[in-house]
Amino acid sequence: MLFCRLGSRIGMDFERLEGNRFLIGDGSKWFLVDEGHLLDLTEELNAVLVDPLKTTIVQDLRCMTTWVLRKRRP
C-alpha cells in the first residue's frame, strides 16, 4: 500500500510556470499534480485506489491531496 500526501491543483487555479511547476499563493514554486495525473499513475503502477482522492485547501494558499493505493490483486 502507498499513502501519499502531495501538492496538487485540485480545487484551486495556479499560475503555470512550465510543465507541472506552478506559482502557489505564498510565492513559492511547486510541482503540482491533478486528478488525471494521479489516476494515470495509478494505472501505470498496476494499482487501484484504496480510497477516493481527497483534497484540502490550505488557507487559500495551496492544495494538498491524499492519494492512497495498493497493487491490483491477481
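1. Arginine 16 has phenylalanine 22, in β3, as its bridge partner. The coordinates come from a predicted model. Strand β2 is joined to strand β3 (residues 21-23) through three bridges, and the two run antiparallel.

2. The order β2-β3-β4 describes an open sheet of three strands, paired in antiparallel fashion. Its edges are formed by β2 (15-18) and β4 (29-31); each has a single partner strand, so one side of each lacks a neighbour in the sheet. From one strand to the next, the twist averages 40 degrees. As background, the strands of a sheet pair through backbone hydrogen bonds, in either a parallel or an antiparallel manner.

3. Strand β6 (residues 54-58) is connected to β7 by five bridges, with the strands running antiparallel. Within this pairing, isoleucine 57 has cysteine 63 of β7 as its bridge partner. The hairpin of β6 and β7 has three residues between the strands, and glutamine 59 adopts a positive phi near 45 degrees there.

4. Asparagine 46 presents a backbone value to be checked in another loop. Its phi is positive at about 55 degrees, although the residue is not a glycine. Asparagine 46 is located in the loop between α1 (35-44) and β5 (47-49). With a relative accessible area of 42%, asparagine 46 is partly exposed.

5. Which side chains make polar contacts with the side chain of threonine 65? One is that of serine 8, at 2.5 Å; another is that of threonine 55, at 2.7 Å. Threonine 65 is placed in strand β7 (residues 62-71), and because its relative accessibility is 0%, it counts as buried. When neighbours within four places in sequence are set aside, the residues in contact with threonine 65 include Cys4, Arg5, Leu6, Ile10, Leu38, Leu53 and Lys54.

6. Leucine 69 is a further residue of strand β7. Its relative accessible area is 4%, so leucine 69 is buried. With neighbours within four places in sequence left aside, leucine 69 is in contact with Met1, Leu2, Thr42, Leu45, Ala47, Val48, Leu49 and Val50. By way of a distance across the model, the C-alpha atoms of leucine 69 and tryptophan 30 are 23 Å apart, the two residues being 39 residues apart along the chain.

7. How many disulfides are found? The count is zero. Cysteine 4 takes part in no disulfide, and the nearest cysteine sulfur, belonging to cysteine 63, lies 15 Å away.

Definitions and conventions. Residues are numbered from 1 along each chain as its sequence is written. This is a predicted model: local features need pLDDT of at least 70, side-chain atom pairs count only at pLDDT 80 or more; totals for chains, interfaces and linings use all residues. Side-chain values use heavy atoms; hydrogens and water are left out. Helices (H or I, at least four residues) and strands (E, at least two) are DSSP runs, numbered from the N terminus. Buried means under 20% relative accessible area, exposed over 50%, partly exposed in between (1.4 Å probe, protein chains only). A polar contact is a pair of N or O atoms within 3.5 Å; within protein, one must be able to donate a hydrogen and the other to accept it, and residues adjacent in sequence count only if both atoms are side-chain atoms. Contact means heavy atoms within 4.5 Å. A disulfide is a pair of cysteine sulfur atoms within 2.5 Å. Two strands pair if DSSP finds at least two bridges between them. Axes are lines fitted to C-alpha atoms, for helices over the stretch in contact, and angles run from 0 to 180 degrees between N-to-C directions.
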